[in-house]
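Biologist: I would like to learn how to read pockets and helices in a model. Where do we start?

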Amino acid sequence: DAVKQLSAQVFRHIEEAYETLGDPRRRQEYVLKRKQARRQAALRDEGQRALAAERHFLQGEAALRQRDYETALRLFGQALELYSEDGEYHAHYGWTLHLCHPDNAAMAEEAIEHVKRGIKLASDREKPYLLMGRLCKAIGRPGAAEKMFTRAVQIQPDCVEALRELRLINMRRDKEKGLIRRLLRR
């Protein structure tokens, strides 16, 4: 009985497929349904990858706050592998790469490239500019750092970290001017 029922089911499916493929209109509908199903599956897959990448990114930020730079770098790298078109992922990866290897000039250049890519992908967000400013400051480019911090504030006027860095730069500049004036008076 089970074999007869199964063979009847299979025969009905074959008959239905033959009728669908034999009629041009029904065949067109079938093809459209298959394409829509593939698109929906691709969107679901992309959404799942984006969520997994965001989860790794958030864990990386937590590790970065705890100064566990190696773990943060690994987590940001995983986020990039899953979703490489997010600028903040690149910027954080670059900054953390520098933090893991602060005295390595080759790593500093690679870090700059990642942060530049982050700026290119997320030019409307302040975080990549802030991280580029920190990176420029760390490798001894204060003029470029000031420009980056200024751009971060232009994008997000409430960016406390960039405002703090700009205040520090201005305080140092004022202090140097005062020292130079005192030396010139003598």
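Modeller: With the term pocket. On a 1 Å grid over the protein atoms alone, a pocket is an open set of points where a 1.4 Å probe fits, with protein on both sides within 12 Å along at least five of seven lines; lining residues have an atom within 4 Å of a point. A volume is the space filled by probe spheres set on the points, which are joined across faces, edges and corners. Here the largest pocket holds about 270 Å³ of space.

This is a predicted model: local features need pLDDT of at least 70, side-chain atom pairs count only at pLDDT 80 or more, and totals for chains, interfaces and linings use all residues. Numbering runs from 1 along each chain as its sequence is written, and side-chain values use heavy atoms, without hydrogens and water.

Biologist: Which helices each supply at least two residues of the lining of the largest pocket?

Modeller: Helices are DSSP runs of H or I, at least four residues, numbered from the N terminus. For this lining they are H2 (24–65), H4 (87–100) and H6 (126–138). The lining includes Glu-61, Trp-95 and Arg-134.

Biologist: Which residues of H2 are buried?

Modeller: Buried means under 20% relative accessible area, with a 1.4 Å probe and protein chains only. In H2 they are Ala-52, Ala-53, Phe-57, Gly-60, Glu-61, Ala-63 and Leu-64.

Conventions: Buried < 20%, exposed > 50% of the residue type's maximum accessible area, 1.4 Å probe, protein only.
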